[in-house]
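Subject: Structure handover

Hi,

Here is the structure we spoke about. Please open it alongside this note.

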There are 2 protein chains.
Amino acid sequence: MIFRRLLSTASSSKFSLQPTIKQLLSHPVSSQETTIVSGWIKSIRKQKNVSFAVITDGSSPQGLQAVLMKGRDDELLRGLTNGTAVRITGRLVSSPGAGQSHELLVEKDMERNVMILGECNPDTYPIQKKDLSTEYLRDNVHLRARTSQISAMLRLRDTLQRRIDSWFETQGFCYVNTPIITGNDAEGAGEAFRIAQVESAHPAAAEAQTTTLPPTEFFGRPAFLTVSHQLHLEALATALSRVYTLSPCFRAEKSMTGRHLAEFWMLEAEWAFPTDNSVHNVCDVTESLLKATLSGLLESEDAAVLWKDGDAQKRNLIISASDSSKPWARMSYSEAIKHLEHRHSTNPFDYTPQWGHQLQSEHERWLAESFVGGPVFVTDYPAKLKPFYMRMNDDGETVACFDLLVPNVGELIGGSVREERAHLLEEKMGDISGSEWYIDLRKYGGAPHAGFGMGFERLVVW
Amino acid sequence: MIFRRLLSTASSSKFSLQPTIKQLLSHPVSSQETTIVSGWIKSIRKQKNVSFAVITDGSSPQGLQAVLMKGRDDELLRGLTNGTAVRITGRLVSSPGAGQSHELLVEKDMERNVMILGECNPDTYPIQKKDLSTEYLRDNVHLRARTSQISAMLRLRDTLQRRIDSWFETQGFCYVNTPIITGNDAEGAGEAFRIAQVESAHPAAAEAQTTTLPPTEFFGRPAFLTVSHQLHLEALATALSRVYTLSPCFRAEKSMTGRHLAEFWMLEAEWAFPTDNSVHNVCDVTESLLKATLSGLLESEDAAVLWKDGDAQKRNLIISASDSSKPWARMSYSEAIKHLEHRHSTNPFDYTPQWGHQLQSEHERWLAESFVGGPVFVTDYPAKLKPFYMRMNDDGETVACFDLLVPNVGELIGGSVREERAHLLEEKMGDISGSEWYIDLRKYGGAPHAGFGMGFERLVVW
């Protein structure tokens, strides 16, 4: 048949893209082989008989130095400026220079071996070599990933996410996606965004609008963007036992601080059958996950790009926190209040610490940064300070929950045992319409379960 | 210090949750050891001196049979009904029964070794053993993951996603998250949802509303839910070279077919420096990813649950498609039209196939299901049928793109080389306001790049 002629000749089983610079450097090929490297010029030094161009393809922070021996190629050389996209063919040889194991040597035929794929006018290119301010990069957001800092941060996020996925897989968790568009405001934890259909300029779209539903009610009833996936995860945990999701959440809080974003990615996990009904099993899981995720991370090259010289103390705090032989501190809310009151009596806070009231940001910082000097689980808060779904302790006053406070960030993650006793939950929830399904989960093989939620961006900030 | 007393005694480096049933069966412990299994009763047979209960924790399709030797425990036995959550302590022994390698033996002390964690009234429990209809499960959506089919589907999604992540990691791609809330309607590919802030009943929320911005403009300008992440990925690919994302997208298309959802997860990948400017490199990447993802998947126990007896033909099609030694068929749009016209002349379609017009669903199905009998890349469509960002071929009429058509699904995935020549792009785009950044990407080291997008749900359906 005719189309058979068009079959790709490459055997797809062996197909793979050209190695990235990172892959090349971690598995260097023989210096006898021809190697092709594609990327952007990060910096270039032109000397009389030779030029040194550092090429980056974004796969690693350091890039690869190309050594270009000069021929009759003045015009080509002029085009090699910062930001230019190039494809260079050469041989990967051991480098005599410090700080690099290999370099790409182009001895001759530069016109053939160096190809400019995309020019970059050095006079107007917005990403110059000097450090650029956050504000400047916000105005040039489409190009900011070309800076060392932003690209290192993106790779670090990738690494964090893969480590998180790997930890959960080892522990038998199933990755699930729960709905973003939801019919309720979930836990009332924040304000929800409401969504409506758009009147689009697209002609095909205009046609589709000739329906009887008003544009604000696409689904026939109000619809919101989810603020949390927890309630859905609880339903899935009563079937799959261990589930987690890393999904976008949305909160319409009016805040310009670094702690609240309108759109953020939330890591949420939920599992059935904790070993007991205390919060310590939840703390154990959380601590194990975070240590596995952070361990050795700061020694990576990407982390090195992001740490400034003055940050040595913060850096040591995190390295110490990821040490698996040192368990993190834990204290109950009531104990925390006692410590805060003690310090307040000699060195007052702005807000008086008082049992039954929320911990203020200054309280949380003092506990983590000064009193403990590291991460601390504060557990068993008064029930009235926490959402309805947390499990009541035997004292009838506090719930089996924790907030993990870490230096320089504040609350990183919060978790709890969930109330599995249907009658207690019904008392607390009262007559919330549409909540029957949530009670149902407890009535039909309602297993004890627990979970936590963490803003992924806060982990990255930490 | 006081809080030190509260430190967890468990060494967190060695912490892990109890093994799931899946983990237990893949690494069975010695039959001398005591084993604890938590889960739900999937079925139970009560005999005079012994009862057989199949326990599932959702980690695998088959569950684990517990053998309960009878003592003076009639009341406890009565409570062991389908759906009940239990914790059973016993010994994992080789099973004499067919279809299972091991079983959990509880020889004595049933009152101590079998603990009911959550009762389940057999008269009202909505998930009975018989096959339940889709409509019925939609009404009991909070419990549907307890069925074999839905839980197998969820585990299969998890497996698919991990394989996809793993393939991209091997190929040097960086996982990135791009914004869900966006200022533009992206490619005009569908209708966008517009978002607004909600007037919440939450008292704290009401306070926060005393701002000057009208509630419909939380961001000070119109905001939409993204319909595609591609344009953001293009920006990142000009810095990190290879990026992908698996993120929710939203389209407000009025459609009740199985092919269009208001909310769906989209796998999108974008990479710089394809080997040439033809679409075949993009097809190679796509084919390699899909084969790696599908290979051996249908032999899994979860897939076995989902395949019904009559589906043998579909099943064989997919197994054949994932055979890495058989490249998938490729044909140009122009050739496809010729084949369609030929068939139309003897056996007419409802719609006449014609160069310059979209392929209809019946055309796509015939090509994949009858003409090729497997997946087929249809490439190089007329430019006017495709979005502005696809790269113009040398013929000046068609663009370097493909749609991958697969039997029983239709279009699974679409991809293209992107237009990297700024002047051609400017001609096509005209004066779209706010598009300067997109042109900028081409002006400053604008590397050739390519990408594809696939609805994750369609892959699952396939």
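Below is what was found in it, by topic.

This is a predicted model, in which local features need pLDDT of at least 70, side-chain atom pairs count only at pLDDT 80 or more, and totals for chains, interfaces and linings use all residues. Residues are numbered from 1 along each chain as its sequence is written, chains are lettered from A and ligands numbered from 1 in the order in which they are written, and side-chain values use heavy atoms, with hydrogens and water left out.

Chain A is divided into domain 1 (18-118) and domain 2 (303-454). Those bounds come from an automatic or database domain assignment. The C-alpha centres of the two domains of chain A lie 52 Å apart.

Helices (H or I, at least four residues) and strands (E, at least two) are DSSP runs, numbered from the N terminus. Helix 5 of chain A has 23 residues (148-170). The expected span of a helix is 1.5 Å times one less than its number of residues. That gives 33 Å for helix 5 of chain A, and its end C-alpha atoms are 33 Å apart, so the two agree. Gly172(A) follows this helix, with a positive phi near 80 degrees.

Salt bridges

A salt bridge here is a side-chain nitrogen of Lys or Arg within 4 Å of a carboxyl oxygen of Asp or Glu. Burial is by relative accessible area: buried is under 20%, exposed over 50%, partly exposed in between (1.4 Å probe, protein chains only).

- Lys291(A) bridges to Glu287(A), with the closest N and O atoms 2.9 Å apart. The two are four residues apart in helix 8 (residues 280-294) of chain A, so about one helical turn separates them. Lys291(A) is buried at 5%, and Glu287(A) is buried at 1%.
- Asp284(A), Glu287(A), Lys291(A) and Arg330(A) are linked in a salt-bridge network.
- Glu419(A) bridges to Arg421(A) at 2.7 Å between the closest N and O atoms. Glu419(A) is buried at 0%, whereas Arg421(A) is partly exposed at 23%.
- Arg155(B) bridges to Asp302(B), closest N and O atoms 2.8 Å apart. Arg155(B) is in helix 5 of chain B and Asp302(B) in helix 9 (residues 301-306) of chain B, so the pair ties together parts 147 residues apart in sequence. Arg155(B) is buried at 7%, and Asp302(B) is buried at 11%.

Aromatics

Rings of Phe, Tyr and Trp (its six-membered ring) pair if their centres lie within 6.5 Å; planes under 30 degrees apart are stacked, over 60 edge-to-face, the rest tilted. The structure holds 32 such pairs over all chains.

- Trp167(A) and Phe173(A) have ring centres 6.4 Å apart and planes at 35 degrees, so the pair is tilted. Trp167(A) is buried at 7%, and Phe173(A) is buried at 4%.
- Phe168(B) and Tyr244(B) have ring centres 4.0 Å apart and planes at 15 degrees, so they are stacked. Both are buried.
- One aromatic cluster in chain A includes Trp167(A), Phe173(A), Trp271(A) and Phe452(A).

A charge sits over a ring if NZ of Lys or CZ of Arg is within 6 Å of the ring centre and within 35 degrees of the ring normal. Arg330(A) sits over the ring of Phe377(A), 5.2 Å from its centre. Arg343(A) lies over the face of Phe349(A), 4.4 Å from the ring centre.

Cysteines

A disulfide is a pair of cysteine sulfur atoms within 2.5 Å. The structure holds zero disulfides over all chains. For Cys283(B), the nearest cysteine sulfur is that of Cys401(B), 9.2 Å away.

Best wishes
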